Amino acid sequence: MKYLIANWKMNQSLEEIENFIANVDGNSSHFLGVAPQSIHLHLVQKMQDKGIKTGAQNIGAWKTGAYTGEISALHLKELGHNFCIIGHSERRQYFSESLIHIKQKVELALEQKLICVLCVGETKEEKDNKQTFAVLEKQILTALNGLQDLSHIIIAYEPVWAIGTGLTAQGSDIVTNHGFIQELCLSKLGFSPPILYGGSVNDANAKDLSKLAHVSGFLVGGASLAPARFNAMASQI
Ligand code: PGA
């Protein structure tokens with residue numbers, strides 16, 4: 001089974017969502033998922049009828065309480081959603097999400113048995129300074145160390161410089177970095193998660209990227225907004 005998860009970010013009008021729901025194929029042997037803005041979660045939930053999983057782009061770092069503007073993992077689960085994305089680089093960058101808060105979010109997601117898509121990846125500067133492995137190791141181990149059951153964890157490797165830029169990472173770098181993540185998870189945490197690639201994946205490159213070693217699928221932003229492109233990627237993974 002491969003994975004295709006749409007991260008719609010702060011996009012999609014009501015009309016665009018209705019069009020997506022009407023035209024998405026679904027009913028795939030793969031794991032297909034959609035993460036809309038949280039105000040739209042109830043709309044996309046209809047797609048669960050087509051076997052498409054629904055989830056949030058972020059959750060709060062606390063279970064419930066006085067945290068204005070946050071989304072509770074408990075309530076996400078209560079409403080019947082399936083997964084959440086945690087630690088996306090846009091959250092780390094624009095909302096100052098710390099490694100500690102990301103760990104708390106992962107714990108809360110796992111407590112609710114939500115599938116947790118943990119995003120990791122290096123910036124351009126870190127890549128140029130050959131710090132990619134060190135960055136990935138720190139992001140992954142800080143988030144997952146000490147957790148008992150990691151069976152609901154998916155890791156999305158998303159080089160920050162490749163997100164929304166049209167610059168996809170080189171196939172050889174994807175294989176190397178996914179291989180590193182796989183080995184790290186096995187040796188230090190004793191588990192072998194699906195590892196998704198994200199960063200300018202689209203319906204023209206998904207087929208080739210899908211053939212790379214250690215690539216279990218994709219987390220896709222811009223190219224996931226239109227149902228035809230999502231369907232095309234789903235048929236290529
Ligand atoms: P992109 O975004 O596909 O638009 O590069 C990917 C992501 O941020 O998950």
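Tutor: Begin with the residue classes. Ala, Val, Leu, Ile, Met, Phe, Trp, Tyr, Cys and Pro count as nonpolar, Asp, Glu, Lys and Arg as charged, and the others, Gly among them, as polar. Keep in mind that this is a predicted model.

Student: By class, what does the lining of the largest pocket have?

Tutor: The lining of the largest pocket is made by 17 residues. Sorted by class, these are six nonpolar, seven polar and four charged residues.

Student: Which residues lie nearest the centre of the largest pocket?

Tutor: The largest pocket holds about 440 Å³ of space. Of its lining residues, those nearest the centre are K9, M10, Q57, R91 and F95.

Student: Which helix gives the most to the lining of the largest pocket?

Tutor: The top contribution is three residues. They come from a helix spanning residues 89–94, namely α4.

Student: Now the helix pairs. Are α7 and α8 oblique or parallel to each other?

Tutor: Helix α7 covers residues 132–144 and helix α8 covers residues 171–189. Their axes lie 10 Å apart, at an angle of about 40°. Angles under 35 degrees count as roughly parallel, and 65 to 115 as roughly perpendicular. The pair is therefore oblique.

Student: How many nonpolar residues are in the contact of α7 with α8?

Tutor: On the α7 side, the contact includes F133, L136, I140 and L141. On the α8 side, F180, I181 and L184 are among the residues. The contact also has three polar and two charged residues, while its nonpolar residues number ten.

Student: At what angle do the axes of α5 and α7 cross?

Tutor: Helix α5 runs over residues 99–111. Its axis and that of α7 come within 8 Å. α5 is oblique to α7. The crossing angle is roughly 50°.

Student: Which residues of α7 does α5 meet?

Tutor: α5 passes α7 in a right-handed crossing. From α5 come L99, I102, K103 and V106. Their partners in α7 are K138, Q139, T142, A143 and L144.

Student: How many charged residues are in the contact of α1 with α10?

Tutor: Helix α1 (residues 14–23) and helix α10 (residues 227–236) pack with their axes 9 Å apart. N19, F20 and N23 of α1 meet P227, F230 and N231 of α10. That contact has three nonpolar and three polar residues; of charged residues it has none.

Student: Is the crossing of α1 and α10 left-handed or right-handed?

Tutor: The two helices pack at an angle of about 40°. As α1 passes α10, the crossing is right-handed.

Technical notes:
Residues numbered from 1 in each chain as written. Predicted model: local features only at pLDDT ≥ 70, side-chain atom pairs only at ≥ 80, totals over all residues. Heavy atoms only, no water. Axes fitted to C-alpha atoms, helices over the stretch in contact; angles between N-to-C directions. Helix = DSSP H or I, 4+ residues; strand = E, 2+ residues; numbered from the N terminus. Parallel < 35°, antiparallel > 145°, perpendicular 65-115°, else oblique. Contact = heavy atoms within 4.5 Å. 1 Å grid on protein atoms, 1.4 Å probe; cavity = no way out; pocket = protein on both sides within 12 Å on 5 of 7 lines; lining within 4 Å. Points joined across faces, edges and corners; volume = space filled by probe spheres on them. Left-handed = near helix turned anticlockwise from the far one by under 90°.
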